[in-house]
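Good morning, and thank you for coming.

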Amino acid sequence: MMQTIIEPFRIKSVEPLRMTTEAERQAYLKAAKYNLFSLKSDDVLIDFLTDSGTSAMSTRQWAGIQMGDESYAGSPSFYRFEAALRELAPFKHIIPTHQGRAAEKILFSIVGGKGKIIPNNTHFDTTRANIEATTTEALDLVKKEGLDPQSDLPFKGDMDLDRLRELLQTRGDDIPLVMLTITNNSGGGQPVSMANIKATKALCEEFNKPLILDACRFAENAYFIKLREPGYADKSPKEIVQEIFSYADGMTMSAKKDALVNMGGWLAINDDELAMQARNVLILTEGFPTYGGLSGRDLDAMAIGLEEVVEEDYLSYRITSTAYLGNALEKIGIPIMKPVGGHAVYIDARAMLPHIAPQQYPGQSLAIEMYRLGGIRTCEIGTVMFGRQADGSEKAATMDLVRMAIPRRVYTQSHIDYCIECLAEVNANKHRLKGLKISWEPPMLRHFTAHFEPITTC
Ligand code: F0G
């Protein structure tokens with residue numbers, strides 16, 4: 001059998017990339033005030049800003065777009081989507097939304113409120129923000145190894161069950177539901193084991209709480225279970241996905257990840273009363289329950305994406321190609337978060353650039369250099385994103401990471417090899433990199449719009 005795992009698709013329609021020179025990129029950086037979110041994406045060669053909504057759709061999905069039915073109510077596109085989802089996750093009520101955070105907003109506006117608390121392994125930013133917007137506390141209970149970039153455990157996304165039990169015992173009345181994010185994006189794209197999902201469900205049952213999965217990357221999580229958890233090697237990804245969802249009472253979903261589409265999401269739940277309330281909010285904010293915030297054609301694309309994402313060849317390519325990038329970086333001496341996650345490689349910029357203090361943003365410095373040298377756009381996840389405190393002061397974040405999030409089915413191995421070469425050069429000259437200061441920032445979510453200035457004297 002051949003050892004090389006190839007991209008399991010060929011290219012039928014191409015999207016040209018625009019080449020730029022270093023001098024041009026230097027000028028773009030200056031104009032963008034050294035904030036990569038402010039770049040025009042035409043000026044980016046390889047875009048690793050996010051894996052969300054950046055997937056390439058298949059010929060079948062594009063054909064499905066043509067079949068989309070735009071009826072306001074009862075569209076066959078909705079029923080095709082509902083059937084495709086039920087094949088994997090047989091929830092009673094399936095409520096489409098325009099993206100993941102809309103599903104979160106609807107759910108938490110119903111169950112949230114003052115004095116309440118919602119635990120998760122790690123809440124993603126929008127999940128946390130939507131919970132906190134209802135004055136509910138969002139609590140992260142990932143097991144402690146999940147916070148250690150060097151720990152090489154297979155399931156670093158697992159919930160700390162002891163702390164969850166203690167919370168359920170002491171604050172049970174204040175907990176409307178328990179969440180589990182698969183894979184754990186904010187913790188490095190690390191998977192949650194089936195044993196942990198099952199045990200979390202058992203705890204929820206003991207305390208009579210629903211378990212809701214934030215399941216954006218459910219297929220990647222399932223494939224890690226197949227590769228790493230005893231007893232699953234001979235199961236198909238689809239069977240594993242079905243088992244995962246059999247332990248849940250509902251899910252929120254950003255279809256922009258593991259439904260392989262550019263826009264979409266949903267909320268799915270078994271509880272009739274909750275579903276009725278959710279549909280009422282949906283009608284106010286998103287649309288009629290058979291289209292949510294989407295066009296009929298989007299629902300068809302999601303239905304087909306859900307079939308394709310659990311194909312073994314696709315998942316094998318997906319997980320192997322992400323690991324290929326991470327392993328190559330490790331080999332050239334770049335510290336990364338281990339083990340490599342499903343959708344992204346996270347570089348430990350604080351460890352790579354120890355001469356830059358966290359308050360001078362080593363992650364931002366590295367991200368800027370990757371763009372300047374190679375036209376590669378990534379995202380700082382560190383002191384720029386989390387360093388500003390509520391009182392306006394500044395504190396180093398727990399980690400200073402740079403995320404290389406890999407769009408699905410978009411880049412080939414030679415694109416990745418180019419990035420590895422670029423990073424080898426960045427690494428060879430890393431002592432020359434300097435920190436930055438923030439010259440302007442908005443009162444919240446500063447990473448999206450802040451202005452930076454390079455510090456020229458250290
Ligand atoms: N939950 C998780 C775990 C996510 O990673 C995201 C989005 C969402 C919820 C929200 O979904 O964007 O459709 O509203 N993550 C993207 C990222 C933005 O870049 O990691 P959305």
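Predicted model: local features only at pLDDT ≥ 70, side-chain atom pairs only at ≥ 80, totals over all residues.

Residues are numbered from 1 along each chain as its sequence is written, and side-chain values use heavy atoms, with hydrogens and water left out.

Two packed helices are described by the angle between their axes and the distance between the axes. Helix α8 covers residues 218-228 and helix α9 residues 237-246; their axes cross at roughly 110° and come within 9 Å. The axes are lines fitted to C-alpha atoms, for helices over the stretch in contact, and angles run from 0 to 180 degrees between N-to-C directions. Helices themselves are DSSP runs (H or I, at least four residues), and strands are runs of E of at least two, numbered from the N terminus.

Which residues of α8 and α9 make the contact? On α8 they include Phe-218 and Tyr-223, and on α9 they include Ile-240 and Phe-245. Contact means heavy atoms within 4.5 Å. The residues of this contact of α8 with α9 divide into ten nonpolar, one polar and one charged. Here Ala, Val, Leu, Ile, Met, Phe, Trp, Tyr, Cys and Pro count as nonpolar, Asp, Glu, Lys and Arg as charged, and the others, Gly among them, as polar.

The second pair is helix α4 (residues 100-111) and helix α10 (residues 272-285), which pack at about 125° with axes 9 Å apart.

I turn now to the spaces. A search of the whole structure finds one cavity of 30 Å³ or more. A cavity is a set of points on a 1 Å grid over the protein atoms alone where a 1.4 Å probe fits but cannot get out, and lining residues have an atom within 4 Å of a point. The largest cavity holds about 100 Å³ of space, a volume being the space filled by probe spheres set on the points. Among the residues lining the largest cavity are Phe-37, Cys-379 and His-447. By class, this lining has seven nonpolar, four polar and one charged residues.

Definitions and conventions. 1 Å grid on protein atoms, 1.4 Å probe; cavity = no way out; pocket = protein on both sides within 12 Å on 5 of 7 lines; lining within 4 Å.
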